[in-house]
Amino acid sequence: MVQDAVLKNDWIVACRSTDLQEQPIQVMIMGERIVLYRNEEGVHAFKDLCIHRGAALSLGCVRDGKLVCPYHGWEYESTGACVKIPQLPADQSIPAKARAFKYGCTERYGFIWVNLGNNEPEMFSLPEFNDPEFRCVIWGPQSVNAKPPRVVENFLDVGHLAVVHEGYLGVASHTEIGDYRVHQDGTSIRSEEIEVFQPDPDGSGQAKHVYYTYEILRPLSVKFTKRDRETGNLMSILLTVVPTEEGKTVAYGVLSFNYDTGTTDAEIVEFQNMIFAQDKPIVENQKPEELPLDLQVELSLKCDRVSIAYRQYLKELGVTLGTA
Ligand code: FES
Ligand code: CO
């Protein structure tokens, strides 16, 4: 898979924080096999390849904070430098070339993130995550056989709610979407509040109008917030996706609530899985598989302004991965 220059300057979600414990693990990002491990200094990501004989470092272990290759036991410290070669006689020094290929790695918002360019880009902010007013629930991984921009755009699509998610996120009698604008200022792209009629937006059983705001944070990270104007209830979902292999995407999310949903974390995840399962066959069968960035291709409505803003954003950034 061709590595997209823009995405090399970004943080890409690799796994949930809870997926990475004492054992190193392998993740796949943009066709690259990557080993993640954790020690007292934090989390680390290397190319999952030992320079000695090409063994997968993820089959090894972490010993005294070093990543140990499973084949001949070479030990790598978190800078990527090999600091021990068991076969080497004591009077010989470790070759300077004995290094692992290091990537940027950080832990935020309940996930491990990898930066393939290893150039410390800025992470987008997710204020709900550290706000005691909000309960946050981690969702994912969910795999989709589609390219990332189609998956992200589906999440930004307000028009499908009353069709694909009829009875859950919309009602067949209320499919019209009123006009709204999308504002761009510097780093943020966000829609105005869009009125959506929902059968049961907060679990109380009462159908009502709620207001959706969509935000485009990064090419692979977007968010929406649902606001109930009567109660002040806020619910937001961060969607972040990783291109694993060509034509495959894995999605994760953070769901935040400032009110009591009356449901467990597992029930919230299950509901989200059900909603995602409704979107999946649509997204997996869209043609072309690449998201068209030429606005003359496909026919947009005014209610598609968020998707149009997303396409323009990808075009301006020069994102090539999964776009046409
Ligand atoms: Fe890793 Fe030999 S292949 S130590
Ligand atoms: Co949907």
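## Helix α4

The bend at a residue is the angle between two fitted axes, one for the seven residues ending there and one for the seven starting there. In this predicted model, α4 bends by about 30° at Q278, with a proline, P281, following within four residues. The helix covers residues 265–284, 20 residues in total. From first C-alpha to last, α4 reaches 27 Å, close to the 28 Å expected at 1.5 Å a residue.

What does the buried side of α4 look like? Its buried residues are I268, Q272, I275, F276, D279 and V283. They pack against two helices, α2 (148–155) and α3 (161–164), and against the strands β11 (135–144), β17 (234–243) and β18 (249–257).

## The cobalt site

D279 turns up again at the cobalt ion (ligand 2), giving two OD donors. Along the sequence, the donor residues follow the spacing H-x4-H-x113-D.

Why is the arrangement irregular? The four donor atoms subtend angles of 60 to 147° around the cobalt ion, so the geometry counts as irregular; a tetrahedral call would need all angles between 85 and 135 degrees.

## Nonpolar cores

The largest nonpolar core has 75 residues. I29, I34, L36, V114, L156 and Y214 have the most contacts inside it. Take L36: leaving aside neighbours within four places in sequence, its contacts include A14, L20, I25, V27, H44, I112 and V114.

Apart from that core lies another, of 14 residues, with F46, C69, Y76 and A98 among them.

Terms used
Residues numbered from 1 in each chain as written. Chains lettered and ligands numbered in written order. Predicted model: local features only at pLDDT ≥ 70, side-chain atom pairs only at ≥ 80, totals over all residues. Heavy atoms only, no water. Core = buried A, V, L, I, M, F, W, Y, C linked by side-chain atoms within 4.5 Å. Buried < 20%, exposed > 50% of the residue type's maximum accessible area, 1.4 Å probe, protein only. Contact = heavy atoms within 4.5 Å. Expected span 1.5 Å × (residues − 1). Donors = N, O, S within 2.8 Å, 3.2 Å for Na, K, Ca; no water. Tetrahedral: all angles 85-135°; square planar, octahedral: opposite > 155°, others 65-115°.
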